[in-house]
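This report describes one protein chain, with the sequence and the structure shown below. Please keep both in view while reading.

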Amino acid sequence: MKIKIKETLKSKKGWSLYKLAKVLNLPQQTVYSWASGRTQPSYENMDRLCETISCSVGDLFEAEPVQQKLNLAVNQ
């Protein structure tokens, strides 16, 4: 499941990933890794992330409608 950190961050705060890393006091590489989907934040960092961005966990996850998934499976 992909996390929409970059998109949510831009729409809610207008910040870059670099600024988010500085505010969270985390290495840039950590935040960039979350945004690219290579790694996922821990529960603690997810809470900090949501609090900092002023969003819910649901706002950060890319929801793919079930019908779209079913259509993809049928067409393959």
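Helix 4 is followed by Ser54, a residue with a positive phi, near 65 degrees. Helices here are DSSP runs of H or I with at least four residues, strands are runs of E with at least two, and both are numbered from the N terminus. The model is predicted, so local features need pLDDT of at least 70 and side-chain atom pairs count only at pLDDT 80 or more, while totals for chains, interfaces and linings use all residues. Residues are numbered from 1 along each chain as its sequence is written, and side-chain values use heavy atoms, with hydrogens and water left out.

**The chain as a whole**

The protein chain has six helices and zero strands. Along the sequence the pattern is α-α-α-α-α-α. Of its 76 residues, 29% count as buried. Buried means under 20% relative accessible area, exposed means over 50%, and partly exposed is in between (1.4 Å probe, protein chains only). The chain exposes about 5300 Å², and carbon and sulfur atoms supply 50% of this area. Accessible areas come from the Shrake-Rupley method with a 1.4 Å probe, and for residues only the protein chains shown count as cover.

Contact means heavy atoms within 4.5 Å. Among contacts between residues at least 6 apart in sequence, 51% join residues at least 24 apart.

In helix 4, the buried residues are Asn45, Met46, Leu49, Cys50, Thr52 and Ile53. These residues lie on the same side of helix 4, because they cover an arc of only 165 degrees around the axis. The arc is that of the directions from the helix axis to the C-beta atoms. The face turned away from the buried side of helix 4 carries the exposed residues Tyr43, Glu44, Asp47 and Glu51. Helix 1, helix 2, helix 3 and helix 5 (57–60) are among the parts that cover the buried residues of helix 4.

In helix 2, Leu17, Leu20, Ala21 and Leu24 are buried. Seen down the axis, the buried residues of helix 2 fall within an arc of 100 degrees, so they line one face of the helix. An α-helix has 3.6 residues a turn, so residues three or four places apart point the same way. The cover over the buried residues of helix 2 includes helix 1, helix 3 and helix 4. Helix 2 is followed by Asn25, which has a positive phi, near 60 degrees.

**The nonpolar core**

A nonpolar core is a set of buried Ala, Val, Leu, Ile, Met, Phe, Trp, Tyr and Cys residues joined through side-chain atoms within 4.5 Å. The largest one has 17 residues, and those with the most contacts inside it are Ile5, Leu20, Leu49, Ile53 and Leu60. At least two residues of this core come from each of helix 1 (5–12), helix 2 (17–24), helix 3 (28–36) and helix 4 (43–53).

Apart from neighbours within four places in sequence, the residues in contact with Leu60 include Ile5, Thr8, Met46, Leu49, Cys50, Ile53 and Cys55. Thr8 is placed in helix 1. Leaving out its own neighbours within four places, Thr8 is in contact with Lys13, Ile53, Cys55, Asp59 and Leu60.

**Cysteines, a salt bridge and a loop residue**

A disulfide is a pair of cysteine sulfur atoms within 2.5 Å. The whole structure has zero disulfides. Cys50 is in no disulfide, and its nearest cysteine sulfur, that of Cys55, is 4.2 Å away.

A salt bridge is a side-chain nitrogen of Lys or Arg within 4 Å of a carboxyl oxygen of Asp or Glu. By this rule the count comes to one. The side chains of Lys12 and Asp59 form this salt bridge, at 3.9 Å from N to O. Lys12 lies in helix 1 and Asp59 in helix 5, so the pair ties together parts that are 47 residues apart in sequence.

Gln40 lies in the loop between helix 3 and helix 4. Gln40 and Lys2 are 38 residues apart in sequence, and their C-alpha atoms are 9.0 Å apart in space.

The table gives the accessibility of some of the residues named above.

| Residue | Relative accessibility | Class |
|---|---|---|
| Thr8 | 6% | buried |
| Cys50 | 8% | buried |
| Cys55 | 12% | buried |
| Asp59 | 30% | partly exposed |
| Lys12 | 43% | partly exposed |
| Gln40 | 44% | partly exposed |
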